[in-house]
Amino acid sequence: MNIKKLLVPLALLIPLATQAQSISQAQLEQFKQLPRAQQEALASQYGIDLNNITGSQRTSQRPEQVNVVEPVTTITDEDRDRAREQKAQEDKQTAKNGGLKPYGYDLFAGSPTTFAPVTEIPVPSDYTLGPGDVLRIQMWGNQNQNLELPISRDGTISFPDSGPVTVAGLSFDEARQQIRKRVSEQYIGVEASITLGELRSMRVFVLGEARNPGSYTVSSLSTITNALYVSGGVKQNGSLRNVQHKRNGKLVGTLDLYDLLLKGDSSADNRLQPGDVIFIPPVGKRAGIEGEVYRPALYELKGDNTLADLVRMAGGLTPQAYPQRVNIERTNQDFLRIIAEADYTAQQGQNARVQAGDRIRIPSISDITGQYVEVKGAATRAGKFAWMPGMRVSSIIRNLDADLLPVADKQYAAVVRTNPKDDTISVLNLRLREAVRNPGGEHDLVLEERDRLFLFSDAGKVDLQQKPENESENGALANAEKGASEQGPESFTRERLFAPVLQRLKAQARPGSPQQTIRISGPVRYPGEYPMPATRSLADAIFVAGGLKDSASLYHAEVARYSTDEQGIGQTSILNIDLADAMAGNSQITLQSRDRILIKSIPDFAKTRTITLAGEVRYPGEYTFRDGETLKDVLQRAGGLTNNAFPRGAVFTREKLRQLEAQRLREAEERLQGDLLGVQLEGDGVAGRNAERVQQVEDLLEEVQNSRPVGRMVIDLAAVLENENYQAIRLQDGDRLTIPTIPQSVSVFGEVQFPTSHLHQAGLTVDDYLERSGGPTRQADESRVYVVKADGSVTLPQRSRWFGGRSQQLEPGDTIIMPIDVDRLNQLELWTNVSQIVYQMALGAAAVGNL
């Protein structure tokens, strides 16, 4: 018997040793029936790893990890449009509710990307096992094995050497105890540790007011909130306080998400089972709360809610809240909106019932009402500061460089004071530099409660304080520059800061108490309207306006004063003042309400007028001329003309004439554009003649657009220098005289075959030069040929009384113009004028450019 028992394992083990990769299930089962000691002996004798035969086969294949919900990698256009439409509806509803949004729906603002089976969290002991779960069993002692046993569809696991074990429907703790008992009974000296591996997935339904209702596959450990995240959350018209959990048509429980959001209580977040339904009903009654609470929003009511409950849901009152007069806006029985109030500091107010549709506003406490002084404007630290009796300006502004912005005016500041008896204001002028340098002195004003200290910017420092972006400094200067860049120096000007003060001074004016304002104009740094100086002196008024400019005349100033006579009729009088005496404090004039001060300027102060002499002048350059000086005088100062000068071709330009030419060009361009449109509307004529006309008009329009005004004035320079009876040319600022060298050519422009310049030859006539340029083109108008002389004057050879027709002889520097035949096009006289303007400007520019 013993030999037979040994032969059977040998017969079984030989194919295992030779073909370990092709072991049949029958052979494996026979080998398993042998005692453990014989299995180990045979495996050791033939050099076979027993674990490769038994352990690997006893360990079930680990199922592949699959995503319960596939990742959302792309969004279709339909989904995007639906989301955009839903967002628009929510925004519209928010605007309807006065900007208040429903509370809690932002919890589901993020869209999930994947929902893989949950395997990295501890499994509770009451977890119910089911098909698809995987049990991991680690055995040690006399035998060491690691098993992964999936629960099959019939609810069993295939435990080695003992057959199937039913675990479906058991809790994880019950299944663990049962498996440990089976191991202890089957194996001697072996202990086991049981854990859960891969978990099964299950299908649940999310219905009602979900963003994406439907059927979802989730992990077996998923709860209600997990399923809500899968479905995208709850719509704003869905309830957050009555999320229903149903199973087999019966209500298992409800989830109030407010407990989770406000208290962190997830005890009602039940675990789901296959086939469960999560139903989101429509939202219940809502009430809104805004103002001084931490979470202003629309809140869903549940049962009977009091004002205290709503305030707690909103996070409580802020320190700035004024709870004694809580405003409640609600709809009454007649469907009219009414306003009620509640005192939240009293128990009765806290217990006030909140109804559906109520809108509650928690007001703010009042701003600081007293015991302060305020600094406004170009200060490093603007704002309100505590006031103490005896405080002076130097108590707040201790250092001009540290406490003021770099753009600040360190000379002048103003103190606006409010009278506590009648709330009227007055303005005290402050010499800031003297006040800070001499604390406690005459100019260091004593501040009173609620005084406002205005610090202004200095326009002369704005550009100087601009620095490169990469440049940085430490300390107060860097902070000051940062403050200036954020608010801008233009925010601290006298005009900006004084604007509400002036409005208040005008509003508080009464009969017998006129408005305390003055206006100053002329060469002062900051002309404008200002509060009346307390001293009513002219010198202080000028100091408030920033002081005099160097162009101010110290001899004459005027004060226009409005007053009423004995009959109560208003009249204006003019007072002439010696400004030098007033600035020295010797003037007896006292300013009154609405005085208008005019500081006069020195006539023609720092005003220079120049003329430019270029070309063949002995000493060319830019000359400054006196009032009344003529062109001849300036040429004499320049040493006269050189020997190569050609006075007849001198080009004299004037800025005012250039502006007039520019205006004529604009007018000609506008009319040509209108004529071009008319020609285009006529359509194509016979043999395309109209198209040719359109092209010619477009060419002419292009020449007009490309022309640049010169501003040339025709003068006879030789007569200016030699003829005493010739009209003197009085100079204007910006004049320019360009004298060319003696020319040797005659130019031919316009509608000729080859527009060019020819060497001047005595005896040649206009027709000779035209013939040398190839003669006229088909568009030329031979009857309107004209000659532009070197000095810019124009002669018509056929009409000239001095020349015998076109047989006249020309001089060097003359230009012959062959115009276009405008009668062939549309008989527009404008085109003739335009062509002459263009040619004359071209000749003037050419004469200047050829130097």
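Visitor: In the protein chain, what share of the contacts between residues at least 6 apart in sequence join residues at least 24 apart?

Guide: That share is 64%, with a contact meaning heavy atoms within 4.5 Å. Mind you, this is a predicted model: local features need pLDDT of at least 70 and side-chain atom pairs count only at pLDDT 80 or more, while totals for chains, interfaces and linings use all residues. Residues are numbered from 1 along each chain as its sequence is written, and side-chain values use heavy atoms, leaving out hydrogens and water.

Visitor: What makes the span of helix 6 agree with its number of residues?

Guide: Helices are DSSP runs of H or I with at least four residues, strands are runs of E with at least two, and both are numbered from the N terminus. The expected span is 1.5 Å times one less than the number of residues. For the 15 residues of helix 6 (172-186) that gives 21 Å, and the end C-alpha atoms are 21 Å apart, so the two agree.

Visitor: Which residues of helix 6 are called buried?

Guide: Phe-172, Ala-175, Arg-176, Ile-179 and Val-183. Buried means under 20% relative accessible area, exposed over 50%, and partly exposed in between, using a 1.4 Å probe and protein chains only.

Visitor: What makes strands 8 and 10 a pair?

Guide: Pairing takes at least two DSSP bridges, and 3 bridges join strand 8 (243-247) to strand 10 (277-280), running antiparallel. So they count as a pair.
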